[in-house]
Amino acid sequence: MIAHYAHYIQCALGSLLTICCGFNYAWTSPYLPILLSEDSPISMSAEESSWIGTIYLLGGLCGSLLLSAVGHLIGRKTILIWTCLPVCASLALIAFAKTLFQLLIGRIIAGVSLGLAFSTLQIYLSEITDREVRGLLCSTVSVMTYVGMMVVNVIGTYMSIKISSLVCLTVPVLIFIGFISMPEPPNYLLMKGRREEARQCLVSLKGSDQVDHNLHAIIKVIDQERLNKTPFTSMFKKIHRRKLLTLLGLRVAQQFSGATAFNLYTQTVLQEAGDSISPLRGTVILYTTQIVFSGISSLLVDKLGRRPLLITSALGTICVLLAGGSFFFVRDVVEMDTSHASYMPALILITFMLSYGLGLQTLPNFSATKLFPTNLKPYACTLGDVVFYTFGVIVSEYFQFTKDNFGMFVPFWSFAICCSIGLVIVVIFMPETKNKTLEDIQIELNH
């Protein structure tokens, strides 16, 4: 009970971090219209404004790459603490920005810092939580990203850029203070030869029962890993190919389901519903749906397992995307009268988020930490997040281009095809990690 109490504190701190990620990720949704208005505090063109969203994703990509360079040298806790400082600086810069250049600098600093912090958080939570609650806590932390996205959309309606940025600045301050008292994961301490510190960490996290057994199990795995030096190219060896294909399949399916495009262009899709629902109300309903069903997924993941939830989520998402594409095809190409069903675009988007939230939204985020051994986790998390950010940019641009040039049905059907490929990969290659230690998973995957 004491151990789980410590895990819940770490989960709360991790949730604050992902809320901050969500806030910065969706920041453009309420504030780009303000920046492009006649009363804009910063003069810019529509083309220049597009960089405000893109540069954050590019910063996140750089932050993820940075983990592969520092992940073996600096402790997970240390990274999480010190990334809070540039996040604070970025929010302060955005709050008081007077030029587009200052705003872009603030956004890229936030992207790099939070990209590095989120990638590190995946490793930290996977190594420090018990298998009985790992799925629940890791999924819950991922869900909180969408809480941050909803919060910025709501407060963006009522607060200025300056006030909202200063309010959000309190979050990284709380994270900095909270993580100071948290331990480094025992896996990292043992990799650095700090056995006694690792033992004390295990006692504080799991209690004194079976601490020697847990310590021995981790040492055995790490000793086996040390027999082979592990450069980045080790990820492509035959023994890791199944893990690599699973990781890439999950991350590509997660992005090519269209979720990032729908989050960035929520207002665009909701406008297809006409006056049947207001943009603010539709946004709140949309994010509430994501949060609720991702929360349900978090509660079920340790009971049902990850494979059943991912398969159910992918199947539901595919069906919704096919139905949505069919609606837009009938309306725009066949030119059938659909005025009696003007609510359909909003219903399609909400149903999509319902299905997506059951598994694809949260479970792929921590897949790298479960699939790969300790010495490859920084590389795996980096690769997974690079894929996430890179394809996030591609998917967003693809959605905008195909929607404008061919019709809304094209991206919907394209996303359905890509999601189907991801489903096949999950069914064939994804191992079930329910109630298994990280060491058990590695033994299974290596045979």
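Reader: What does Ile34 touch, leaving out residues up to four places away in sequence?

Author: In this predicted model, Ile34 touches Ser40, Pro41 and Gly156. Ile34 belongs to helix α2, residues 28–35.

Reader: Why is Ile34 called partly exposed?

Author: Its relative accessible area is 32%. Buried means under 20%, and exposed means over 50%. The value for Ile34 falls in between, so Ile34 counts as partly exposed.

Reader: How far apart are Ile34 and Ile161, in sequence and in space?

Author: They are 127 residues apart in sequence. From C-alpha to C-alpha, Ile34 and Ile161 are 9.1 Å apart.

Reader: And Leu35, what does that residue touch?

Author: Leu35 touches Trp27, Ser40, Pro41, Ile42, Met44, Ile52, Leu103 and Ile161, again without residues up to four places away in sequence. Leu35 is also one of the residues with the most contacts inside the largest nonpolar core. Others in that group include Trp27, Ile52 and Leu103.

Reader: Which residues does the second, separate core include?

Author: That core has 16 residues, among them Ile79, Leu371, Ala380 and Cys381.

Reader: Why is Phe372 called buried?

Author: Its relative accessible area is 1%. The cut-off for buried is under 20%. Phe372 therefore counts as buried. Phe372 sits in the loop between α18 (367–371) and α19. Its C-alpha is 9.5 Å from that of Leu247, a residue 125 places away in sequence.

Reader: How do you know whether Val387 is buried or exposed?

Author: Val387 has a relative accessible area of 9%. That is under 20%, so Val387 is buried. Val387 is part of helix α19.

Reader: What is Val387 in contact with, beyond its neighbours within four places in sequence?

Author: Val387 is in contact with Leu248, Arg251, Val252 and Gly392. The C-alpha atoms of Val387 and Leu61 are separated by 8.6 Å. Along the chain, those two residues are 326 residues apart.

Reader: Which residues make the contact between α19 and α20?

Author: From α19, Val395, Tyr398, Phe399, Thr402 and Lys403 take part. From α20 come Val410, Pro411, Ser414 and Phe415. By class, the contact has six nonpolar, two polar and one charged residues.

Reader: Why is Glu335 called exposed?

Author: Glu335 has a relative accessible area of 64%. Exposed means over 50%, so Glu335 qualifies. Glu335 lies in the loop between α16 (306–332) and α17 (344–357).

Reader: What stands out about phi of Glu335, a residue other than glycine?

Author: Phi of Glu335 is near 60°, a positive value. Most residues other than glycine have a negative phi.

Reader: What makes Ala46 exposed?

Author: Its relative accessible area is 54%. That is over 50%, so Ala46 counts as exposed. Ala46 lies in helix α3, residues 46–70. The C-alpha atoms of Ala46 and Leu32 are separated by 9.2 Å. They are 14 residues apart along the chain.

Reader: How many helices and strands does the chain have?

Author: The chain has 21 helices and zero strands. Of its 447 residues, 56% count as buried. Among contacts between residues at least 6 apart in sequence, 85% join residues at least 24 apart.

Methods:
Residues are numbered from 1 along each chain as its sequence is written. This is a predicted model: local features need pLDDT of at least 70, side-chain atom pairs count only at pLDDT 80 or more; totals for chains, interfaces and linings use all residues. Side-chain values use heavy atoms; hydrogens and water are left out. Contact means heavy atoms within 4.5 Å. Helices (H or I, at least four residues) and strands (E, at least two) are DSSP runs, numbered from the N terminus. Ala, Val, Leu, Ile, Met, Phe, Trp, Tyr, Cys and Pro count as nonpolar, Asp, Glu, Lys and Arg as charged, and the others, Gly among them, as polar. A nonpolar core is a set of buried Ala, Val, Leu, Ile, Met, Phe, Trp, Tyr and Cys residues joined through side-chain atoms within 4.5 Å. Buried means under 20% relative accessible area, exposed over 50%, partly exposed in between (1.4 Å probe, protein chains only).
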